[in-house]
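Q: Could you take a close look at one single residue in this protein with me? I'd like to know how it sits among its surroundings.

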Amino acid sequence: MKIGEVAKQTGLSVKSIRYYHDIGLVCGERNEAGYRVYRHQDIEALKFVHQCRDLGFSLEDCKSLLGLKGNESRNAEDVKQLTRTHLAYVEEQINKLQQLRAQLQHMVTQCQGGDQPHCAIIDSLSHEDKESHDTDDDKCQKDQSLQDAGSECCGKNLK
């Protein structure tokens, strides 16, 4: 099956499928013309990866889970531990987002709005309060975490 048909069957973009092939996650075979051709087991693997990515697993975790899926003598505890680790990461991200939400809600309640030029939100964003603001490194980590949480794949390296 050619890549366009595979994309329709799996719900993945052609770009994602090509990327997964390029990084060795799920590889179709090349035919005489050089086109990628995917077999039934490749399509099933892509569907599996898509489900893992929808749950927020990193590409590295997807690779591990795919390897465990294909290993009949796997240890279910390995799968559970990998998922437990991911769950802890998700809970950490939820906590960070809840803190962010609380900060934003506080800023919104402090601003009176209207036609006046004074804005408590601008004031809040303009003042350096070392206890309530993150360092630049913390902000970069949050930005990356949010990108990771919302990213499907393409252009990302294995973590």
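A: Let's start with R36, which is buried: its relative accessible area is 14%, and the cut-off for calling a residue buried is under 20%. Keep in mind that this is a predicted model. So R36 gets the label "buried" because its 14% falls under that cut-off.

Where is R36 along the chain? You'll find R36 in strand 2, which covers residues 36-37. Now look at who surrounds it. If you skip the neighbours within four places in sequence, R36 is in contact with M1, K2, I3, R18, H21, D22, E29 and R30. One of those, D22, also has a polar link to it: the side chains of R36 and D22 are joined by a polar contact of 3.2 Å.

Let's zoom out for a moment. The protein has 7 helices and 2 strands, and from the N terminus on, the elements run α-α-β-β-α-α-α-α-α. Of its 159 residues, 26% are buried, and R36 is one of the buried ones. As for contacts with a separation of 6 or more, 50% of them are between residues 24 or more positions apart.

L97 counts as partly exposed, with 41% relative accessibility. Together with L100 and L104, L97 forms a nonpolar patch on the surface, and the three have about 240 Å² of accessible area together. The accessible surface of the whole protein comes to about 11,000 Å², and 51% of that belongs to carbon and sulfur atoms.

Methods: Residues are numbered from 1 along each chain as its sequence is written. This is a predicted model: local features need pLDDT of at least 70, side-chain atom pairs count only at pLDDT 80 or more; totals for chains, interfaces and linings use all residues. Side-chain values use heavy atoms; hydrogens and water are left out. Helices (H or I, at least four residues) and strands (E, at least two) are DSSP runs, numbered from the N terminus. Buried means under 20% relative accessible area, exposed over 50%, partly exposed in between (1.4 Å probe, protein chains only). A polar contact is a pair of N or O atoms within 3.5 Å; within protein, one must be able to donate a hydrogen and the other to accept it, and residues adjacent in sequence count only if both atoms are side-chain atoms. Contact means heavy atoms within 4.5 Å. Patches are made of residues with over 30% relative accessible area and no salt bridge: like charges are joined within 9 Å, nonpolar side chains (Val, Leu, Ile, Met, Phe, Trp, Tyr) within 5 Å. Accessible areas come from the Shrake-Rupley method with a 1.4 Å probe; for residues, only the protein chains shown count as cover. A salt bridge is a side-chain nitrogen of Lys or Arg within 4 Å of a carboxyl oxygen of Asp or Glu.
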